[in-house]
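Please look over the sequence and the model below before reading on.

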Amino acid sequence: MTQTVSRPAAGAQKAPLPLDVEAIRADFPILSRTVRDGKRLVYLDSGATSQKPLGVLDAERDFYLTCNAAPHRGAHQLAEEATARYEAARATIGAFIGAPAEEVVFTRNSTEAINLVAYALSNAATAKEPEFRRYAVGQGDEIVVTEMEHHANLVPWQQLCERTGATLRWLGLTDDGRLELSDLGTVVNERTKLVAVTQQSNILGTINPLGEISARAREVGALLLVDGAQSVPHQPVDVTTLGADFLVFSGHKMLGPTGVGVLWGRYEVLDALPPFLTGGSMIEVVRMEGSTFMPPPQRFEAGVPMTAQVIGLAAAVEYLQRLGMDRVQAHEEALTGYALAKLAEIPGVTVIGPPDTVARGGAVSFTVEGIHPHDVGQVLDDLGVEVRVGHHCAWPVVRRYGVPATTRATFYVHTGYDDIDALADAIREAQRFFGVAPTAGVA
Ligand code: PLP
């Protein structure tokens, strides 16, 4: 097993950051609390879930205080207002990714959005409506994923294959943490029904070349699902140029509330899919003998939706738009470059993933020689530095690089150089604590 050794030129430079970190931090009350006996909270786990600015909390609270009701049900004033706010939020969130509102389906999170597509494709095979059978997956068909996927974009496809008799194939990884695309032409072939790939790896930070993958999927007539859980929060994403049929993302990773995610689908494709969950709000006519279904997006939103969360997510989107997604991306790129250089200065630290900021986002995974990642995490936590440790729901990735787990730092709009300095100091402290501090070359 080859382990990726990333050693960018040492000498971390603090270039001016595109975002005003101090002003942004003032919008996040949680960042002013202390942890572990008075330590400053250094939150480097936005990749797992982001913190929420006051505007998002206020938007949710305002909905409950002023017009709480079930949207799309009831003819009273509150229900009308709730419906208007819910649908206005759909338009705002759609515009954020360049999509019309009718292509935006609200789900609980990215995981549910991917399951929705996977179940719709297997339900299609047995749909009584011929128009829902167009994308049916069955025996002899193939689904293609990559070895880089979060379990959310892997397990649902394994399960789809088990349900339908289709075969799962995947693209592997190179030693420096990128997709192995040399066999793209054979792995994605005429039998491929759908390709599911992450735009940005949650563990390696890699940003994938979707153009090439999309072109091949188009060539063979396969659908393309892009997992945007780690890209939509951190870079401009526009579905009009993405080359995909589906894009999924989670509100809680982009300053929004938990409990709301998005499935974007090209309308023509969504319209040809049968429902996943059924019940109230998604039907046209119900008789004891059977039912007919609404067009998208309502066809995929059974039951009373997570209204306050959707409204909170629209507020998060507006917050990000005010900052500017180009600047958010540039901010994180500067931090990532600094973090890679800073870690390179610490002997015994190995970054798992691309060694530089080329096509790379702000998820920096690393190991510390002689210390288990969980122990690294524990010492960091004692010092107020909150990172994630483990396999990051991407078990095949850690297996590929021959490590049991990694320690991962992820950045966002409120992250500053001081957070990364705190991370580097804490790693050195962990080395001292476990008696593995290298004696040479240490500042
Ligand atoms: N995809 C990626 C790349 C992720 O990082 C995550 C969560 O970490 C998911 C999917 C699943 O997101 P959620 O748990 O919000 O459904």
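Arginine 178 sits in the loop between strand S6 (167-171) and helix H6 (184-187). Helices (H or I, at least four residues) and strands (E, at least two) are DSSP runs, numbered from the N terminus. The model is a predicted one, in which local features need pLDDT of at least 70 and side-chain atom pairs count only at pLDDT 80 or more, while totals for chains, interfaces and linings use all residues. Residues are numbered from 1 along each chain as its sequence is written, and side-chain values use heavy atoms, with hydrogens and water left out.

Leaving aside residues up to four places away in sequence, arginine 178 touches Met148, Gly172, Leu173, Thr206, Ile207, Pro354, Asp356, Val358, Ala359 and Tyr401. Contact here means heavy atoms within 4.5 Å. With valine 358 there is also a polar pair: a polar atom of the arginine 178 side chain is 2.7 Å from the backbone oxygen of valine 358. A polar contact is a pair of N or O atoms within 3.5 Å; within protein, one must be able to donate a hydrogen and the other to accept it, and residues adjacent in sequence count only if both atoms are side-chain atoms.

The next step is the division of the chain. Domain 1 covers 21-52 + 324-433, and domain 2 covers 67-321; such bounds come from an automatic or database domain assignment. The centres of domain 1 and domain 2, taken over C-alpha atoms, are 29 Å apart. Domain 1 gives 42 residues to the contact and domain 2 gives 36 residues.

How much area is buried between domain 1 and domain 2? The value is about 3,100 Å², with carbon and sulfur atoms giving 53% of it. Buried area is the accessible area (1.4 Å probe) that two parts lose on being put together, summed over both. On the domain 1 side, Met325, Arg400 and Tyr412 lose the most area to domain 2, together 20% of what that side buries.

Side chains of opposite charge can pair when their charged atoms come close. A salt bridge is a side-chain nitrogen of Lys or Arg within 4 Å of a carboxyl oxygen of Asp or Glu. Two salt bridges are found across the interface of domain 1 and domain 2. Arginine 400 forms a salt bridge with aspartate 175, and their closest N and O atoms are 2.9 Å apart. The structure holds 26 salt bridges. One of them joins arginine 40 and aspartate 419, again with the closest N and O atoms 2.9 Å apart. Arginine 40 lies in strand S2 (residues 39-40) and aspartate 419 in helix H14 (residues 417-433), so this pair ties together parts that are 379 residues apart in sequence.

A ligand is present as well. It is surrounded by 13 residues, the closest being Thr111, Asp227, Ser250, His252 and Lys253; a residue is counted if one of its heavy atoms lies within 4 Å of the ligand. A polar side-chain atom of aspartate 227 is 2.5 Å from a nitrogen atom of the ligand. For glutamine 230, a polar side-chain atom lies 2.7 Å from an oxygen atom of the ligand.

Two backbone details remain. The peptide bond from proline 296 to proline 297 is cis, with omega near 0°, and proline 297 is in the loop between strand S12 (290-293) and helix H10 (307-323). Aspartate 37 is not a glycine, yet has a positive phi of about 60°; aspartate 37 is in the loop between strand S1 (34-35) and S2.
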